[in-house]
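Let's take a walk through a protein model, one spot at a time. Keep the structure open and follow along.

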Amino acid sequence: MIFASVGAIAALILFSISGRGVHTSILTNNPHIFGVSPPKKDDGLYEDWSSEELANAFPGGDEVRQDAAPAFNINLDDAAASIPVKVVVEPAPAAPPPPKLPIGYSLAKNGWPSTRVLNHAAGWTMFENVYMSNGTLFIVSSPDDPPNPLADGKEGWENGFPPRRMMTSTGLPGYATEESVREREPTDREMSFISREEAERRWGDQVWEVEGNTWMFNDPNQFTRHFYHFVAESFFGFWMFYAGTLDPSITMLGEATIPAPARTIFVRLDPSDIRDSSKFNTFYLKSAFPFITVETAPDWADRIFMTRFGDKAWRFSNVILGDRSASFRTDLVGARVQRIAAAAYEAVESNLSRWWWEPIRRSVLRAAGVSEDIINMAVTSTASFEPQVASERGMTQKEWPIVITYINRQGGKRCLTDEAHESLVAELDTLARRRGWEFHDIKAQEFSQEEQLAIAAKTTIMVGVHGNGLSHLISMAPTRLSTVIEIFSPPGFMHDYGWTAQAVGHRHYGVWNDTIRKYPDMPRVDIPENYQSSSIPVYAPLVAQTIEDRVDSVLRTLPGSS
């Protein structure tokens, strides 16, 4: 309690909570405003103070010390008095104990929640209420479940669910052989459909709830130790499908309404299988979602062991199930683009914000220590897709320097001839000097992960031979100028970086020596014997001219251009 006259002063009290009384100050604009004068030492307010405390507060006899308890004084406008008081801190009443809840919550009292599909594309399925027992995923339903509007007009759907083979597989590596195709066809062992009555008969009340959003990844380690395939394809596709289904209003500043996933479960991968040599797989995953729980095959084996007799189960409240083999069973992926994220895009395109990737890009760049100024280039650039946002958010637009970054692969597989490389570097350097732009010739392995991300974040034009280094295009700021130029060994072609560039808002050009093509005018996928060649040709003047024409064509359309 505070020893002072009740109602004496309208005051601000600051105190340090401790086990003993502390000095503080009560400050007023006018101590006489309520008809109360500053207290005297003999007012009776300080009778329990020690002689040392009194001496400190009233060094001049019975005058009030204006700087009593200086560590706690606050200077308010026109403050007229600083009245020393002694505050005795009494413990707050103990909070009532939280209600006791069972750790393993039983579903029996609440009935059996049916499984529901919220969205689906080949190899990408968003579920509510998926059950797992002894390694099998169970889809639980009842005849009285409401119809699923997603199933309207969909071939092969039954009782509100897509065909099993379009959702999952055995998770074995995929090869272009009839035997491999057969081996990856799912059975009841991988996914089984049962009624709610059957679920209750099997598991009774022995079901553990796993709340929150789960990314469940059913792929083998065939491609996961690769920066592009893990981050710019699988993770990329997951976030696209998740954001496109649940949040069409993501802003260009990365603001989103959807929660981060609580966990990811790599059903068939050991911890080493999600780690690539460049170390970007886990850098992206953990900087995008710092609090995510990562489970791998040993953790999944633990869940299987706990339900090995089939009389118990786990219920995952919300799951996005990703399966590469299932994606390849559609013509779009298997025959045309061979990018599993393309199936996700097709399902959510009409609901997908232009800025769907910004929450991830910005989180990763912040983790790399990139400045907010650079991160906000997509907003503040005069070539912004939405120039009005800068003023709406109190930012100033400006002309950012054009930065050309060449991803140098020389000395490894799939690289230019020495002559072509030297010519390309000379042409790009000359162009940049003539136009007052920046040019960077980088070998990614010579830079730290943070340095690579910082370079990518300020890059306007990224140039390189088809390969992993071009994955950094996902860190570039998407503007009307952002461009990726990918050099192929003629006549080879893959959609990897071109499709990905288009998905985040960059223009993409493919180069075959002296020929350049852009989307959608691209050839069919072709992997000839020379695809991995270390003697790839390129006509460097054409690349430089394409860059200059591209930049000038955009600059001419900007406000204030002549």
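Start with a polar contact of 2.7 Å between the side chains of T214 and R263. A polar contact here is a pair of N or O atoms within 3.5 Å; within protein, one must be able to donate a hydrogen and the other to accept it, and residues adjacent in sequence count only if both atoms are side-chain atoms. This is a predicted model, where local features need pLDDT of at least 70 and side-chain atom pairs count only at pLDDT 80 or more, while totals for chains, interfaces and linings use all residues. Residues are numbered from 1 along each chain as its sequence is written, and side-chain values use heavy atoms, leaving out hydrogens and water.

So where is T214? Look in strand β7, residues 207-217 (strands are DSSP runs of E, at least two residues, and helices are runs of H or I, at least four, all numbered from the N terminus). T214 counts as buried because its relative accessibility is 3% (buried is under 20% relative accessible area, exposed over 50%, partly exposed in between, with a 1.4 Å probe and protein chains only). I265 sits 51 residues away from T214 in sequence, yet their C-alpha atoms are 7.2 Å apart.

Now hop to K279, in the loop between β8 (263-266) and α5 (280-288). Most residues other than glycine have a negative phi, and most peptide bonds are trans. K279 isn't a glycine, but its phi is positive, about 70°. With 54% relative accessibility, K279 counts as exposed.

The peptide bond from Y519 to P520 is cis, with omega near 5°.
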